Amino acid sequence: MEQSKTTPLMQFIPDKISIQDSGFQQLVLSLFPNIGMLDSGFVRNGFTVVTAPDKIVNGEIRDFKGVPGRFDGIIGGSPCQDFSGLNRNPGTLSQEMLDEYKRIVRECQPDWFLLENVTRVPDVEIEGYYVQRFNLSPTDLGFEQSRNRTFQFGTKDGRIIELPEPVKYNGKRERCVTASEGNKPDRRTFEEFCKLQGFTEVPELGSFTKSAKYQAIGNGVHLGVSYVIARYLKNAIFSRYPKTIFNTKVCACGCGRIVSGRKLSYNDACRKRVQLKREVTWNDNSKIVTV
Ligand SMILES: C[S@@+](CC[C@H](N)C(=O)[O-])C[C@H]1O[C@@H](n2cnc3c(N)ncnc32)[C@H](O)[C@@H]1O
Ligand SMILES: [Zn+2]
């Protein structure tokens, strides 16, 4: 394992938070770290992030053995191609890698975990954890890229992340960046591509080929999203009076937002999603909460 190399990614400064956050100590293991775009949000919020081996540097997750009780949290976005709506070929690699993620959580037994993936990712069921499932797109935070992604936040005590109010984004929406865009004739410039993923400057990616650079940036979590997720996750794990699935009602659409009173869904869009999708289920046996 090595400490995340965050240098080029630190260019994204959404607010003046100090990395040397006094007294804050959380050791986080990052699985499938890629070039550390999800990690960067956690580093920026004062978490100490170490990374498991990634294929991008000839690492192999199948060879990684988790150590029990050493990590406070585990984060990661396992490969998603086979779950993606863009790829209709059935495949098993994404499922296998998701199973690797689950294996390492079981071995390490962290207090919490966060999985990022495409919206068609299966529910993560791990014995001993309650899981909050919600979606977040950069446009919810006022960025121009439409990139809806699903997060699954698991805790042993049922804590949930209280998300910020989504921004009403009326600007131009840019199509989602993809890992393969670098090979396409209608690709956006690399500078534009990086900007859409939240970079304020083009990161230095050394000896990567042009196509590999697009792939690495296109595979990552938008830097604004990773920052916001880490910040609100931090609130959830340090709250003295945490919101949990036992004391809080969460939107039935799956967006993870908290609803009050007799409401089942957060807003009109949520209500439509509920009608389209599925019923609310609270499955206590598997400790999975599908909201
Ligand atoms: C979706 S990306 C993760 C993106 C990352 N969360 C970020 O924000 O930058 C998935 C990563 O899994 C890695 N990967 C795929 N198969 C792997 C394997 N067998 N062992 C280790 N890493 C693997 C890929 O190289 C890629 O970097
Ligand atoms: Zn909702």
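Reader: Where does Glu192 sit?

Author: Glu192 is in helix α3, which covers residues 190-196. Keep in mind that this is a predicted model.

Reader: Is Glu192 buried or exposed?

Author: Exposed: Glu192 has 12 other C-beta atoms within 10 Å, and a residue counts as exposed at 12 or fewer.

Reader: OK, zooming out. How many helices and strands does the chain have?

Author: Six helices and nine strands. The chain has 291 residues, and 41% of them are buried.

Reader: And what share of the contacts comes from residues 24 or more positions apart?

Author: Counting contacts with a separation of 6 or more, 69% are between residues 24 or more positions apart.

Reader: Let's do α5. How many residues does it have, and how far does it reach?

Author: Helix α5 runs over residues 223-238, so to speak a 16-residue helix, and it spans 23 Å from first C-alpha to last. That is close to the 22 Å expected at 1.5 Å a residue.

Reader: Which residues of α5 are buried?

Author: Leu223, Gly224, Val225, Ser226, Tyr227, Val228, Ile229, Ala230 and Leu233.

Reader: What do those buried residues pack against?

Author: One helix partner is α1 (37-44). The strands β5 (112-117), β6 (130-136) and β7 (149-155) also pack against the buried residues of α5.

Reader: At what angle do α1 and α5 pack?

Author: About 45°, and the two axes are 7 Å apart. That angle makes α1 oblique to α5. The crossing of α1 past α5 is right-handed.

Reader: Which residues meet there?

Author: From α1 you have Met37, Leu38, Ser40, Gly41, Phe42 and Arg44. On the α5 side they meet Leu223, Ser226, Tyr227, Ile229 and Ala230. By type, the residues of this contact between α1 and α5 split into seven nonpolar, three polar and one charged.

Reader: Why does Asn135 count as partly exposed?

Author: Because Asn135 has 17 other C-beta atoms within 10 Å, and buried takes 20 or more while exposed means 12 or fewer.

Reader: Where is Phe32, then?

Author: Phe32 is in the loop between β2 (27-31) and α1. Phe32 counts as buried because it has 25 C-beta neighbours inside 10 Å.

Reader: And what about the phi of Asn58?

Author: Asn58 has a positive phi too, about 60°, although it is not a glycine. Its place is the loop between β3 (48-51) and β4 (73-76).

Reader: Is Asn58 buried or exposed?

Author: Exposed, because Asn58 has 7 C-beta neighbours inside 10 Å.

Note on methods
Residues numbered from 1 in each chain as written. Chains lettered and ligands numbered in written order. Predicted model: local features only at pLDDT ≥ 70, side-chain atom pairs only at ≥ 80, totals over all residues. Helix = DSSP H or I, 4+ residues; strand = E, 2+ residues; numbered from the N terminus. Expected span 1.5 Å × (residues − 1). Contact = placed C-beta atoms within 7 Å. Axes fitted to C-alpha atoms, helices over the stretch in contact; angles between N-to-C directions. Parallel < 35°, antiparallel > 145°, perpendicular 65-115°, else oblique. Left-handed = near helix turned anticlockwise from the far one by under 90°. Nonpolar A, V, L, I, M, F, W, Y, C, P; charged D, E, K, R; others polar.
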